[in-house]
Amino acid sequence: MASFRNIAVLGGTGHVGRPIVKALIDAGFNVTVVTRSLGSNQSEISDATFVTSDYTYESLVKIFTGQEAVVSAVAAGPPIAAQKVMVDAAIQAGVKRFIPSEYGSSSIDQPLEDFKKLMAPKTELIGYLREKSQLHPQFTWTCLSGGALLDMGIPNGVWGFSLSDRTATIFDTGEARFDSTTIPAMTRSVVSVLQKPADSGNKYLQIRSFTVSQSEILAALEDITQSKWSVSYVDAENLRQEGWKLLAGGNPKEGIENIVRGALFQADFLVTRNGKY
Ligand SMILES: NC(=O)c1ccc[n+]([C@@H]2O[C@H](COP(=O)([O-])OP(=O)(O)OC[C@H]3O[C@@H](n4cnc5c(N)ncnc54)[C@H](OP(=O)(O)O)[C@@H]3O)[C@@H](O)[C@H]2O)c1
């Protein structure tokens, strides 16, 4: 199977979607960004074609016609389940490959109960993709899981480090190790899948840049900045429980962030490439 040329990206204006769109354009693909409204974060990716969609089946079939692959980077939460309509429309339009919005910790064979619960819609979508690709053999999918996207979370403090004031929040001992992927490694993987689609059809691929602990990140940051950072400590289990309360109370963003950090940083989350823990 030769490299695809025409790629539609949903969620291409988001945190993960923007660098994916940029990498696809740099690699020479014709990129169409499917957005709910024009104007959102378009400036950095002006070389792409932008089209609007309300995510209805009819609108998506029309947009996907002529596209060989669809890459989804839609936000976590309700848009994950909305991808089923995108899959149906892609099949109807003759799209050959669908990459769903994953890019995080594995949503299959997940060892952490908290993550399993949070990722249930992603896991369900993979079941849907498997079912549909069996019914329509010309339609294939690839999932990319990368653990924590470290360089994305560091600037906004998600992983406990604030570059602007050189402070670190360490969860428990800071020694728990977790799998991590950089944004450039993740975007290179998307590009590779679309350049050599034959190798990755109907596969869940787990990519990793490195496995690291908060203590190691802090040591690296102190080394790079040539300064001693101010450190405070947080109980990961309390954070995890607080996260579930926030989620139940209607604050998904902070709730999910706290659950992820609380669960990840108290587990020794050393995930090997063959899926054994
Ligand atoms: N491993 C990690 O550390 C990590 C970190 C962050 C994200 N992720 C994963 O990467 C994927 C994308 O996450 P993200 O943080 O990049 O998402 P995001 O920036 O919050 O949103 C991505 C895009 O989704 C579209 N969207 C569609 N329906 C939406 C809705 N109801 N509410 C909000 N946005 C909606 C928006 O595009 P338009 O406005 O153009 O329609 C938005 O720009 C998710 O699967 C997430 O779990 C992983």
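This is a predicted model: local features need pLDDT of at least 70, side-chain atom pairs count only at pLDDT 80 or more; totals for chains, interfaces and linings use all residues.
**Entry 1: the domain interface**

I started with the area buried between domain 1 and domain 2, which comes to about 1,200 Å². Carbon and sulfur atoms give 73% of that area. I then asked which residues of domain 1 carry the burial against domain 2. Asp 114, Leu 118 and Thr 181 supply 41% of what domain 1 buries there, more than any other three residues.

**Entry 2: where the domains run**

I looked up the bounds next. The domain assignment gives domain 1 as 6-147 + 181-206, and domain 2 as 149-179 + 210-264. I got 27 Å for the distance between the C-alpha centres of domain 1 and domain 2. The contact takes 15 residues from domain 1 and 14 residues from domain 2.

**Entry 3: polar links across the interface**

How many salt bridges did I find between domain 1 and domain 2? The count is one. I also listed polar contacts across the interface of domain 1 and domain 2 and ended with five residue pairs, both residues at pLDDT 80 or more.

Then I sorted the side of domain 1 that touches domain 2 by helix. Both α4 (113-118) and α7 (183-195) supply at least two residues of that side. The largest share comes from α4, with four residues. By residue class, I noted eight nonpolar, five polar and two charged on the side of domain 1 that touches domain 2.

**Entry 4: one pair in the wider count**

I checked the side chains of Asp 114 and Arg 240, and they meet in a salt bridge at 2.7 Å, N to O. Asp 114 had already come up among the three residues that supply 41% of the area domain 1 buries against domain 2.

For the whole structure, my search found ten salt bridges. Why does the pair of Asp 114 and Arg 240 tie together parts that are 126 residues apart in sequence? Because Asp 114 lies in helix α4 and Arg 240 lies in helix α9 (residues 236-248).

**Entry 5: the ligand**

- An N or O atom in the Thr 13 side chain sits 2.6 Å from an oxygen atom of the ligand.
- For Gly 147, a backbone N or O atom is 2.8 Å from a nitrogen atom of the ligand.
- A polar backbone atom of Leu 149 is 2.9 Å from an oxygen atom of the ligand.

Conventions
Residues are numbered from 1 along each chain as its sequence is written. Side-chain values use heavy atoms; hydrogens and water are left out. Domain bounds come from an automatic or database domain assignment. Contact means heavy atoms within 4.5 Å. Buried area is the accessible area (1.4 Å probe) that two parts lose on being put together, summed over both. A salt bridge is a side-chain nitrogen of Lys or Arg within 4 Å of a carboxyl oxygen of Asp or Glu. A polar contact is a pair of N or O atoms within 3.5 Å; within protein, one must be able to donate a hydrogen and the other to accept it, and residues adjacent in sequence count only if both atoms are side-chain atoms. Ala, Val, Leu, Ile, Met, Phe, Trp, Tyr, Cys and Pro count as nonpolar, Asp, Glu, Lys and Arg as charged, and the others, Gly among them, as polar.
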